[in-house]
Amino acid sequence: MDYPDKRGKFGEYGGRFIPEVLMEAIQDLEDAYERFKEDPHFKSDLENLLQNYAGRPTPLTYCSRLSSEYGVRIYLKREDLAHTGAHKINNALGQGLLAKYMGKKRLIAETGAGQHGVATATAGAKLGLKTDVYMGTVDMKRQELNVFRMQLLGANVIPVTSGSKTLKDAINEAMRDWVSSFPSTHYLLGSVLGPHPYPMMVRDFQSVIGRETREQIMRQEGRLPTALIACVGGGSNAIGLFYEFIEDTEVELVGVEAGGEGIKSGRHAARFADKKLGKKGILHGTRTFVLQDEYGQIYNTHSISAGLDYSAVGPEHSLLRDLKRAKYSYATDEEALEAVKILSEKEGILPALESAHAVAYALKNADKYDKNDVIIINLSGRGDKDIDTIMDNIERMRRLENLRPPR
Ligand SMILES: *Cc1c(COP(=O)(O)O)cnc(C)c1O
């Protein structure tokens, strides 16, 4: 599929809705990306970083115990085994290297939970680029460990005290910085969001996930999978897995949003599932589905997993949904917690809470598949970062039953 078009549009979504003062920075970035993405030196440098630093290719693991209990062949794409414990490093190294090729000396980034900040700080350290990460003071308090981690990696964490003191305010501050600093600074955006070329560029850097998966499943099963399942925050790990398979229309693509405390509660981040609050709009430079109130004010989201807790979704997902090429569902906080427990006990893998949403969907819907069908779940990250949250919810977890297979 040939998206986006020259203007960065995915059908009616995407595009570039930015203040005039950012136009030059964005145009320079687009020109450089178009130039270097086909450059043999850039490609081999990136390949080398991914293989010999980030630990790629990541394995495709067959889950024998889950498969026999749930009656379908279940595989996990192991992004949890990538360096720093999640898929975010693929994009951070790609953009970090691009910044170096552009002659930039400094990286800036926004972070909510700190995961993207850690990936950016890691890339900055590896590539020798000064790194400043904007983070709301509310998030800094909630994610103290990641703040310390970034500092250990040599990054400077800049507290943001405006607005709600969370992710969206950190994005605003990073953009403000970039307006005056772009001749020497690259803004390293963390998901398939923001103005063109970010949604395309981040997708391209993450699509290594799907390319590896295709090769691995052909080797291990000799056929294409029945379904690919991934959680969707901004949507970068999902599109990274899906992209290579978009033209194989027999492969079902399923994105799983954060259902939080349930759609009716209003406390969730399910931009597609909530027909009342999820509407077309513009946020941070791109047109897409955005959770908003009746006046168009951005609606505050909730999810037990910080990485899925954002009001907008990547524009390419909005198009895939309209085209019915991908379908979107959701898992609740409780279902994600239960999936953490099941995957840990049955396969010895502790997933990130984000990834557990995809696992929960797969287990809940396993009976819709035949026992010879092959489903691949993107395990976007490892769960060590979530231990505190999981411990706080352990009582709730003891009561959970609804994802268990029938006896
Ligand atoms: C950040 C994060 C996500 C959500 O981001 P996407 O852009 O939707 O992939 C999912 N899983 C993990 C482990 C993350 O750190």
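Trainee: Which residue in strand 12 is the bridge partner of Ile-282?
Mentor: This is a predicted model, in which local features need pLDDT of at least 70 and side-chain atom pairs count only at pLDDT 80 or more, while totals for chains, interfaces and linings use all residues. Residues are numbered from 1 along each chain as its sequence is written, and side-chain values use heavy atoms, leaving out hydrogens and water. Helices (H or I, at least four residues) and strands (E, at least two) are DSSP runs numbered from the N terminus, and two strands pair if DSSP finds at least two bridges between them. For Ile-282, the partner in strand 12 is Arg-287.

Trainee: What phi does His-284 have in the turn between strand 11 and strand 12?
Mentor: Strand 11 (residues 278-283) and strand 12 (residues 286-291) are antiparallel and share six bridges. They form a hairpin with two residues between them. His-284 lies in that turn, and its phi is positive, at about 45°.

Trainee: Why is one side of strand 3 and of strand 13 left without a neighbour in the sheet?
Mentor: Six strands make up an open sheet with mixed pairing, in the order 3-4-14-9-10-13. Strand 3 (60-62) and strand 13 (326-332) stand at its edges, so one side of each has no neighbour, as each has a single partner strand.

Trainee: By what angle are neighbouring strands of this sheet turned against each other on average?
Mentor: Axes are lines fitted to C-alpha atoms, for helices over the stretch in contact, and angles between N-to-C directions run from 0 to 180 degrees. For this average, direction is ignored. The value is 25°.

Trainee: Which residue of strand 10 stands opposite Ala-230?
Mentor: Strand 9 (residues 227-231) and strand 10 (residues 252-260) run parallel and are joined by five bridges. Opposite Ala-230 stands Gly-255.

Trainee: What angle does helix 13 make with strand 13?
Mentor: Helix 13 (residues 333-347) packs on the sheet, touching strand 4 (73-78), strand 10, strand 13 and strand 14 (374-379); contact means heavy atoms within 4.5 Å. Its direction relative to strand 13 is about 85°.

Trainee: And at what angle does helix 14 run to strand 9?
Mentor: Helix 14 (residues 353-364) lies across strand 4, strand 9, strand 10, strand 13 and strand 14. Its angle to strand 9 is about 140°.

Trainee: Which are the edge strands of the four-stranded sheet?
Mentor: That open sheet has the order 7-6-5-8 with parallel pairing. An edge strand here pairs on one side only, and this holds for strand 7 (156-160) and strand 8 (185-187).

Trainee: Which residue of strand 7 stands opposite Val-133?
Mentor: Strand 6 (residues 130-136) runs parallel to strand 7, with five bridges joining them. Opposite Val-133 stands Val-157.

Trainee: How many residues does domain 2 give to its contact with domain 1?
Mentor: The chain is divided into domain 1 (10-52 + 88-197) and domain 2 (60-85 + 203-401), with bounds from an automatic or database domain assignment. Their C-alpha centres lie 23 Å apart. Domain 1 gives 33 residues to the contact, and domain 2 gives 33.

Trainee: Which elements give two or more residues to the lining of the second largest pocket?
Mentor: A pocket is an open set of points on a 1 Å grid over the protein atoms alone where a 1.4 Å probe fits, with protein on both sides within 12 Å along at least five of seven lines; lining residues have an atom within 4 Å of a point. This one is lined by 21 residues, with Leu-46, Glu-47, Leu-50, Val-208 and Arg-211 nearest its centre. The elements are helix 2 (40-52), helix 9 (198-206) and helix 10 (208-221).
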